[in-house]
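Please consider the following structure.

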Amino acid sequence: MDITTRWIAVAVLLAAAVLAVAVAVFVRLVRARRGLREAGLPTGPRWVFWGALAYFFLPADLVPDPVYLDDIGVLLLALRTMRRHSGSEPA
């Protein structure tokens, strides 16, 4: 195996690992929202949740899709916002 093939294999494995992290954070976001709603707590502004999901699935990204770090950041920001609003009074 030549050096180019090795670099491509490493890049593919790294992209797959980052994608797995992004999917795990996405699942955590959906579960957190569902758990907060079932507990009767507010989940924060609806646009935070739906905006994070749209950013995750839409093709327009700040960073090209082989690198899912921007998607992970948006999903983590949505989780943080939802948790921060979960301590407030219901509207």
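**Reading a predicted helical model**

Of the 91 residues of the protein chain, 29% count as buried, where buried means under 20% relative accessible area, exposed over 50%, and partly exposed in between (1.4 Å probe, protein chains only). This is a predicted model, in which local features need pLDDT of at least 70 and side-chain atom pairs count only at pLDDT 80 or more, while totals for chains, interfaces and linings use all residues. Residues are numbered from 1 along each chain as its sequence is written, and side-chain values use heavy atoms, with hydrogens and water left out.

Q: What is the mean pLDDT of the protein chain?
A: pLDDT is the predictor's confidence in each residue, from 0 to 100. Where it is low, the predicted coordinates should not be read in detail. Here the mean for the protein chain is 75, and 75% of residues reach 70 or more.

Q: How many helices and strands does the protein chain have?
A: Helices (H or I, at least four residues) and strands (E, at least two) are DSSP runs, numbered from the N terminus. The protein chain has three helices and zero strands.

Q: Is Leu 29 buried or exposed?
A: Leu 29, which lies in helix H1, is buried, because its relative accessible area is 0%. Contact means heavy atoms within 4.5 Å; beyond four places away in sequence, Leu 29 touches residues including Phe 49, Leu 53 and Leu 79. The C-alpha atoms of Leu 29 and Leu 79 are 5.8 Å apart, although 50 residues separate the two in sequence.

Q: Is Ile 3 buried or exposed?
A: Ile 3, also found in helix H1, counts as exposed because its relative accessibility is 56%.
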